[in-house]
Amino acid sequence: MVKGYWVSAYRTITDPEKLAAYNKLAGPAVEAAGGRLLARGSRVVAHDAGIAERTVLIEFDSFEQAVAAHASAAYQEALAALGDGVERDFRIIEGLD
């Protein structure tokens, strides 16, 4: 089965309190959906048009599981808490193997 990944690259964080509220809800929601946090907010070196801001990488056992996790009620609650607190590029991508 091909794995699925969430890749989230933050452009700006305008409200750290909303981000903290999101993190409090998103972590358990992702874990409950089978996601495994691989990287979060560690050192970033950006190239080309990249921005060296917070980046998050989460792995799921399948692409379908990753899509379902994003649609889950628990994660949608986390997104509501985040609101307009950040601007980010969020993608769900399918792994190679």
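Contact here means heavy atoms within 4.5 Å. By that rule Glu 59 touches Lys 3, Gly 4, Tyr 5, Gly 34, Gly 35, Arg 36 and Leu 38, leaving aside residues up to four places away in sequence. This is a predicted model: local features need pLDDT of at least 70, side-chain atom pairs count only at pLDDT 80 or more, and totals for chains, interfaces and linings use all residues. Residues are numbered from 1 along each chain as its sequence is written, and side-chain values use heavy atoms, with hydrogens and water left out.

**The sheet**

- Four strands form an open, antiparallel sheet in the order β2-β3-β1-β4. Strands (E, at least two residues) and helices (H or I, at least four) are DSSP runs, numbered from the N terminus. Two strands pair if DSSP finds at least two bridges between them.
- β2 (36-40) and β4 are the edge strands; each has a single partner, so one side of each lacks a neighbour in the sheet.
- The twist averages 15 degrees from one strand to the next. Axes are lines fitted to C-alpha atoms, for helices over the stretch in contact; angles run from 0 to 180 degrees between N-to-C directions.
- Six bridges pair β1 with β3 in the antiparallel sense. Ala 9 stands opposite Thr 55 in β3. Gly 4 has Phe 60 of β3 as its bridge partner.
- β2 and β3 also run antiparallel, joined by four bridges. Here Ala 39 stands opposite Leu 57 of β3.

**Helix α1**

- Helix α1 covers residues 16-32. Its 17 residues should span 24 Å at 1.5 Å a residue, and its end C-alpha atoms are 24 Å apart, which agrees. The expected span is 1.5 Å times one less than the number of residues.
- Asp 15 caps the N-terminal end of α1, with a side-chain oxygen 3.1 Å from the backbone nitrogen of Glu 17.
- A kink of about 25 degrees lies at Ala 26, shortly before the proline Pro 28. The bend at a residue is the angle between axes fitted to the seven residues ending there and the seven starting there.
- Leu 19, Tyr 22, Ala 26, Ala 29 and Val 30 of α1 are buried. Buried means under 20% relative accessible area, exposed over 50%, and partly exposed in between (1.4 Å probe, protein chains only).
- An α-helix has 3.6 residues a turn, so residues three or four places apart point the same way.
- The cover over the buried residues of α1 includes β1 (4-13), β3 (55-60), α3 (73-82) and β4 (86-94).
- Just after α1, Gly 34 takes a positive phi of about 95 degrees.

**Helix α2**

- Helix α2 (residues 63-71) lies across β1, β3 and β4. Its direction runs at about 150 degrees to β4.

**Glu 59**

- Glu 59 lies in strand β3. It counts as buried because its relative accessibility is 11%.
- The Glu 59 side chain makes a polar contact with the side chain of Lys 3 (3.3 Å). A polar contact is a pair of N or O atoms within 3.5 Å; within protein, one must be able to donate a hydrogen and the other to accept it, and residues adjacent in sequence count only if both atoms are side-chain atoms.

**The loop between β2 and β3**

- Val 45 lies in this loop. Val 45 counts as exposed because its relative accessibility is 69%.
- The C-alpha atoms of Val 45 and Gly 27 are separated by 24 Å, with the residues 18 apart along the chain.
- Asp 48 lies in the loop too. Asp 48 is exposed, with a relative accessible area of 85%. Its phi is positive, about 55 degrees, although Asp 48 is not a glycine.
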